[in-house]
Amino acid sequence: MVKRQLLYKEWKQSELTFILVVVVAVFATPLSLLMEYSSFQTCLKDATCILDNSLFSYSFKKDAFLALSWLMGILFAIIQLGFERNKGQMDFTLSLPFSRSAIYHTKLFLGAGIIALIHVFSYALTYLLILGIKPVETPGFNSMYLYALLSALMIYTLFFAAGTLTGSSIAQAIVAFSTAILPFLLIGLPLVHLDFILRTNGEWVDQWFNHFIVAISPITYITHSTQYEYTIWFSGEEFIVPIVMMILFYFIGLFSFIKHPIERSGRFFLYSIMDRPIQIMVIVFGVLGFGWVGFSSNNSMFGYVAGMLIGGVVGALTSYFLIYRKR
């Protein structure tokens with residue numbers, strides 16, 4: 001399904017960006033470990049320097065690259081789809097003698113393959129450094145690399161799927177980020193309103209958030225500490241959920257890319273059938289969100305109703321200018 005000629009074309013199209021990201025990302029963690037070790041050795045030789053431990057250790061749970069590697073997924077997906085549409089190159093790509101399925105899989109293979117290779121090479125270099133430095137502790141070394149890889153691939157497939165549904169890079173980013181917080185909007189907002197109506201103590205709402213909503217929200221998995229903070233609803237969900245989401249986003253993207261009409265390029269959504277339902281959802285979320293904020297500000301029914309009215313207006317205007325205005 002992956003075509004070599006098409007793969008070469010996709011690589012050359014964004015070659016400089018791919019190379020720069022690979023070079024920086026592969027060496028980010030090894031260099032961070034090396035600099036940390038160098039600082040530790042310098043401190044050992046300085047009598048005025050105070051150390052918590054006389055033995056060197058490095059926590060991968062706090063490593064900057066592993067915490068932010070998901071940014072690669074956003075960058076690659078937007079470059080491969082959103083920017084290509086903005087530049088008017090997508091029509092040319094689709095006119096090549098390849099099926100849409102082949103184009104989709106080639107693009108996805110290139111982006112996901114680069115992300116995977118970056119993590120593998122970074123892991124190998126870091127492992128070699130650990131063998132040489134021999135730190136006393138390396139908490140999170142294996143688990144953080146695996147988690148960073150899975151979360152980066154999940155975010156990549158999410159933004160890639162969003163790119164198959166939208167007609168510009170801005171629309172792609174908005175749809176992807178909205179999907180990342182969708183469980184909070186779709187489940188969380190009605191729950192807090194139900195809690196307000198029933199006048200409960202809110203404990204059951206907290207349980208839903210901690211045990212379910214947080215775990216199934218993609219936004220959760222692009223934060224560094226989430227996997228350690230929310231591990232309550234079943235063992236290993238920090239690895240299982242991203243895999244399930246990847247599969248889901250993959251099929252959504254594949255179906256959308258094969259079926260979408262190219263004549264709506266520049267519109268927010270490529271499918272005109274999505275315009276009205278999404279507009280209604282935005283208005284409803286605006287009503288619920290602003291209504292809850294209005295009530296929380298002064299705990300009055302007036303604030304609640306006023307917030308809902310303001311939210312409805314904001315949602316209607318926002319959805320209109322985003323969805324129905326061609327870029």
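On the face of helix α1 turned away from its buried side sit the exposed residues R4, Q5 and Y8, where exposed means over 50% relative accessible area, buried under 20%, and partly exposed in between, with a 1.4 Å probe and protein chains only. Helix α1 spans residues 4-13, and L6, K9 and E10 are its buried residues listed here. These three cover an arc of only 95° around the axis, so they lie on the same side of α1; the arc is that of the directions from the helix axis to the C-beta atoms. The buried residues of α1 pack against α2 (15-44), α4 (70-86), α5 (90-95) and α6 (100-133), a contact being heavy atoms within 4.5 Å.

The model is a predicted one, in which local features need pLDDT of at least 70 and side-chain atom pairs count only at pLDDT 80 or more, while totals for chains, interfaces and linings use all residues. Residues are numbered from 1 along each chain as its sequence is written, and side-chain values use heavy atoms, with hydrogens and water left out.

As for the overall fold, the protein has 14 helices and 0 strands. Helices (H or I, at least four residues) and strands (E, at least two) are DSSP runs, numbered from the N terminus. Of the 327 residues in the protein, 45% are buried. Among contacts with a separation of 6 or more, 75% join residues 24 or more positions apart. The accessible surface comes to about 16600 Å², and carbon and sulfur atoms account for 70% of that area; these areas come from the Shrake-Rupley method with a 1.4 Å probe, and for residues only the protein chains shown count as cover.

The unreviewed UniProt entry lists "transmembrane region" for residues 16-35, 64-83, 108-133, 145-166, 173-192, 239-258, 278-295 and 301-323. Positions from UniProt are given in the numbering used here, feature names are shortened, and annotations may be inferred rather than shown by experiment. In the model, residues 16-35 are 100% helix and 0% strand, with end C-alpha atoms 27 Å apart. For residues 145-166 the span is 95% helix and 0% strand, and the end C-alpha atoms lie 32 Å apart.

Two packed helices are described by the angle between their axes and the distance between the axes. For α2 and α4, the axes come within 12 Å and cross at roughly 175°, which makes α2 roughly antiparallel to α4. The contact involves T17, F18, V21 and A25 of α2 together with M72, L75, F76 and I79 of α4. Axes are lines fitted to C-alpha atoms, for helices over the stretch in contact, and angles run from 0 to 180 degrees between N-to-C directions. Angles under 35 degrees count as roughly parallel, over 145 as roughly antiparallel, 65 to 115 as roughly perpendicular and the rest as oblique.

G253 is buried, with a relative accessible area of 0%, and L254 counts as buried at 14%. Not counting residues up to four places away in sequence, G253 touches Y104, A161 and T164, and L254 touches S101, Y104 and H105. The C-alpha atoms of G253 and L108 are 9.8 Å apart, although 145 residues separate the pair in sequence. For L254 and F160, 94 residues apart along the chain, the C-alpha separation is 9.6 Å.

In helix α13 (residues 275-298), Q279 is buried, with a relative accessible area of 9%. Beyond residues up to four places away in sequence, Q279 touches A316, S319, Y320, I323 and Y324.
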